[in-house]
Every structure is written in structure tokens, then in C-alpha cells.
Amino acid sequence: NMMRAGARQYVVARPLYSEDSFNEEHKKVYRHHKTALDHVKQYFRCDAKRAKNAALSLLPIIGWMKIYRIKEWLLSDIVSGVSTGLVAVLQGLAYCLLASLPPWYGLFAAFFPIIPYFFLGTSRHISVGPFPVLCLMIGSVVTRLIPDEGPAANITGFSGLTVDEQRVLVASSVTFLVGIMQLAMGILQVGFVVMYLSDTLVSGFTTAAAIHILVSQLKFVLGLQVPGISGPLSIIYTLEIIFKKITSSNVCDIVISLVIMVTVFLVKELNDRYKSKLPVPIPIEVIMTVITCGVSYAFDFRTRYGIDVVGKIPLGYEPPVAPNLQVFQHTAMEAFPMAIVGFAVAFSVAKVYSIKHDYTIDGNQELIAFGVSNNFGASFKAFAASTGLSWSAVQESTGGKTQQIAGLLSAVIVMIVTLAIGYLLEPLPKSVLGAVVIINLKGMLMQFNEIPYLWRRDRPDCVVWMVTCGAAILLGLDLGLAVGLGVELICVVLRVQFPRCSVLANIEGTEIYKDRKDYISINEPEGVKIFRIPSPIFFANMDFFRNKLVEALGFNPLRVLKKRNKEHPRPGCVIKVKLRLLNLTLIINEKGFLNTTNGSLVDPLEDSDNEELDKPIDFKDLPIRIDWNAELPANMVVPRVDIHSLVLDFAAVSFLDISGLKGLKTLLKELVRVEVEVYIVACDPYILEKLHKCCFFDEEVQPSMFFLTLHDAMLHILEKHPETTESLQTLKILTTVTVHHPSGNLRSRDKNVSAEASC
């Protein structure tokens, strides 16, 4: 009657299955489970095919060179590489200010890391280079070891070096250590660690980094001399100094910065709006840089208006330098979050482009690629590289087909600037670089818009975002990331520890069971309770699971068991049952009634907490058995048990640890002892196998309580308790297997078995 018009339906007829009966009727395929030793042997096994795959995996260039289409892709890659190279030059100089280094070292960071990634990287669209968050993290380490005011850290390698050279040594050493960590994680195949950084956490962290970057660039935009400060509350102290000195701001720097920011912002908006019509985005940052350089040179901004400019840019590259081991000791704690953040950002961007353009990337190989890139770059005084978000966007939007070719061409553009025309950028005001950095923070700062959405959709995620962002702003990026990760893991644990358990009911006329609070047309057989556990059962949530089940049942089985054992006739114990007509107390032993009296006798179990009360009583040889569901005398206080069957839906239980296993067995025993039949349905085969291995079953808790599906268990219960005939009529659904298959063929492991299909 409830079937909607035109609805499709299926009818299946099969026997009622418990886990035991299903396994008896359907033979399982024997599967050999590999041991840890088997995995080790397989990992170190070597043959021609494995060696070839290892080479292709380690050097992805071999694979993509075979499929590279020169006529179709080369021109696009050239255009993309030139455009990306121009942006890389400007932003390399700008981001170098975040690292508290001389600007021209940004050209090294925009060149050297690209070369190893050309051979080792698996992403075709990300552009390797400085990333503002990483630059800022490096800058905090640099200013901590070599502050603007005060002595530098006591490191032997600093003797005889200028302040800039000391800072470059610290930055390159930290970068080398970051590369070692990334390379080690890649070799050990632990690229999955980045999965612990959720999108929400990364969003909150990068938003906080954007705030730090914004504050760090204010001194260039305002033309102020502000010392670099690192550590907790550094942003507060920096803002305090800026506000104290704000009256000394350089008006010319402010005007130039405002003009640059407004112009770049407007043109970028036009690029976004008309990107489908523009063959190449307008490189407004490069254009404004060239114009500003010309104006600054013509009007001599440096001497006439006191503007701080980029200054002398040495032509050519500097000789390689070895990392300082003492710097390793001072920066190991900061290097690890840099390694994680650098890889996480690059991998996230690479994953977006790989999905968009339908190819695969290898997380562990990306770790190796970035590790080698950072080690190689650090040897030539570059600082930590990840992916330039704006560079990658330019590379992808200008039609770049492969990162390897476009990235290599962008490196060539950077090399030309470094070797030949770098001197043309010497009159460039640093306020221009600061303005370029600030205007490129728009995307990260706009992430504040996620807060209302997260609050409406997922409040725990919103808490993670806000705590991560707040902690990173106040405590610094490294400690903020640690706090955010801790809060995220706590949220995950709490969600698993306190799941939303529910009582299910049958949807009338179907074999479907849903939360009884959500539907109107439901059927709940009398005396049956269906309880769903939507999470693993382990040491942390076992008590919560038990309490929720007791709440759903309406009684505590342990309390009922103790009360019954206390009130039930026992050999040598006083029966507290007073007969209704005669005020008699009966004393019973193994032979029957010993005597009767109308006096009051002391019950030896009255005030006892004997553990024997938790154990079941053998009723076989006792002359009296009490029906606990019948009406009891007024002075016999025993909680009622209104259900005869309990069904536990284990469909969402993914694992069960030893503590959960012990707690579950104790709970099942208590229920069985108060005469409640327990059935567990949809249990994962591996959990069931673990229960057998751990000797879970005994005389009370038996394998026969496990059923294949929830409906199988319900039909079994209703057949066993025919008093609920109405429920049985509603729930029992007639079935005959009718298979509709478009190809007319059915797959079977047994080739001798033929199957017919009706269409």
C-alpha cells in the first residue's frame, strides 16, 4: 500500500542466514595472509621488471619524455615558462625579504630547486620556488639566531662573516636540514603523514601565516626600520614598534605602495574575470616593477626621498657552501614543521592540478624530489622551496602542459636575470616588493570567509580552524602548527570516543532499518531492541558505549543481575519473598524446604557485596524458580527487563581492540545472565576472525549469536518468539533471486556453474 507509483522493486528469496549457517553453505576462498617477514622479502626482492619500475618511479622524466608531444605542447610550454620566469624573478626578490636575507638570494631560490625537480618530480603543473609561509618560518629562525639588535648565537662557523653572510649560512643550513628530513621520509615511504594535516588545519595555518606576512611587510610599505622579532607574541611586539614609529613613515614609500597595490589588484580582478578571453594573463606585477624601476632611476628616489631600494645585485652565482652542523642543532625543532608544511602545500596544489588534468602523482616520490631540490638549492645558498602558488597558477593558466619543460624555461629566465641584467633591478624600491607580497596575500586572507560556513556545517572543524589560526598568530607558526595538530587529533579522538549511537526501527514494508527518531512509518517489534554503534569499539569509548546501551535498554544488566541473585532462592540462604497470604519466610537447602517461620531472619546477602552475585545461578536442582517478568511482591525490588532480544548493529564497527573485546564480552555475559538474547549483525569478517583467535566465545557467548544481516537476525527473533505475530507478518519479506544483467552473463569462481539471466 505504501509503494509509490512507478517504483522499481526487487524480490530476493534465500534462507535465513547466521554467520555459521552462511559459512557452512558457502565455502570461502583460502587466502594466505602475508607476514611481516613476507613483506620484507618482497620489498627487497629484485628482478628486471621491479628494477625497471623502480627506475621509472625514481626518475619520472623517463616516463613523461616518452609521451611528450613536441608539436602540440612545446609552444605552450615556452609561453608558460617565460611568463612564469618573469613572475618568479619578482616574487623571488620579494619573498627573500620575508626570510630576512638580501633580496638577490631570492633569485637563487627561484633557480636551483627547479633543476632536481625537473628530473624527480611527478607533478606537471606546480612551479617550484619560494613559498611565503616557508620564507617567513625561515626568517623567524634567522632573526632568532642573528637578531637585528644584539649579539648572534654562539656558533663557531659565524666567525669572520658579515651579518648578511651569517644569515645566509643559517638559511641554507636550515634548508639543507629540511631537505634531509623530506628525503628520509620519502625513502621510508611515509608520505602519508601529510594526510594528518586536514584542509581545515592548513587553511587556518596559512591564514595566520598571511597575517604574519602582512605585518612583516608593513615596515617596507611604511619605510620604517623595525627589528626582526621571533618567538611567541612576536607579532604583538612588532605591531607595538610599528605604531610607535608610524609618525616617522616615509610618505613616498606609502604612495608608491598604494599605487602598486591598487593597480595590481584591479588588473588581477580583470584577469580573473576575462581569463577565458585572454590568451595570457596580463603580467601586471612585472609591468609595474619595470615602470617603478625606471621612475626610481630617473628621479633618484634613494637619495632624493630616502627610499630603501634593492641595491647592489652581484652578477653570477656564488660558490657552493657546506651546511653548518651547529646550526642543525639549534634549528632541528623548527626544521621539521618546515619540512611538513613545505611538502603539504606543494602536494595539495599538485593534487588539485592532477585531478583537473587527469594524471597521477606519487606522494613519496614528491617527498624525494623536494628533499633533493632543497639539498641541492641549499648547497648554492638558496632557501627552502615548496611551490609558488601564483607561479603555478600562471604556469597552468598560460597553457603549460608539463612542469618539467615550463619550469626549466622559467629557470632559464631567472638565470638570465642573475647572470646578465640583474643590475637593472638595483633601483627598485623595497616598498614595491612589500606591496607585491601583500597584494598576493588576498587568496589566503579571504580564507576568513570559511569561518561562517564551517560554523554552520561542522563546528569541530571550525574550532580546529580558529584555534590553529589563533595559536599560529600569537605563538608563532611552528608552535601554532603543533597546537593545531593537537586540537585536530583531539577532535578526531572525541568524535570516535563519543559517537552518535542510535536505536533503529524497521521501515514498514521493507527490510530497511533506520533511526526510529527520524521516521514516522516504523515498526518496532515488542520486546526487541536494535542498537547501532557507528564507530570502532576500543579502550577509550567502551564505557561510553556501555552507558549509551544501558540508556537505550532502560535497565542496567549488572544491577538487575545483582538484584535477582540477591532475591532468588539459594541453598542455605533466606528467601525474602513473603507469601501474600501467609507472612512466612522460607529457608531452603538442597533437599527442599527445611522449615518455615513467621519470624524475621537475617539474610546473609543483605549487606554483602559478594562477587558471587554477578554470577548466574544453576536453577536445575532448585525447587523454586521465579518468573521475574511476572508481578512480584511489594517488598521484592528487582528492576524489570521488558525486552527478550537485543540486536547490536556492527556494520560501522571497523576495529575492536583487546580492551573493547574484554568489555564487550563482559557486557554480553551480563545480558545473557538476565535472560536477554543478544545478536550481533553485519560484523566485519576480520573482527569475527579476531574474536575466534582471542578465545572470545564460551558457553554463554557463542558464535551462533552472529548473523549476516540485520533483517536475518530480526526474522530469526520473530520466529523464535511467535507471540509477536503482527510484527512477523510485517517484517517477513518473501524472496526469490531474480537477476537482471544487461550482458546476460554472470561471473562465478566455479567455471562449471552456469547461470541464466533474464532481461
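A: First, a term: buried means under 20% relative accessible area, exposed over 50%, and partly exposed in between, with a 1.4 Å probe and protein chains only. This is a predicted model, in which local features need pLDDT of at least 70, side-chain atom pairs count only at pLDDT 80 or more, and totals for chains, interfaces and linings use all residues. Residues are numbered from 1 along each chain as its sequence is written, and side-chain values use heavy atoms, with hydrogens and water left out.

Q: Which residues point each way from β9, and are they buried or exposed?
A: S645, V647 and D649 point one way and L646 and L648 the other, and all are buried. Strands (E, at least two residues) and helices (H or I, at least four) are DSSP runs, numbered from the N terminus. Five of the five residues of β9 (residues 645–649) are buried, so the strand is largely enclosed by the rest of the structure.

Q: How many bridges join β6 to β9?
A: Five bridges join β6 (residues 528–532) to β9, and the two strands run parallel. Strands pair if DSSP finds at least two bridges between them. I530 has V647 as its bridge partner in β9.

Q: And which residue in β10 is the bridge partner of L646?
A: The partner is V678. β9 and β10 (residues 677–681) also pair in the parallel sense, over five bridges.

Q: Changing topic, at what angle do α10 and α11 pack?
A: Helix α10 (residues 199–222) and helix α11 (residues 234–245) pack at about 20°, with their axes 10 Å apart. Axes are lines fitted to C-alpha atoms, for helices over the stretch in contact (heavy atoms within 4.5 Å), and angles run from 0 to 180 degrees between N-to-C directions.
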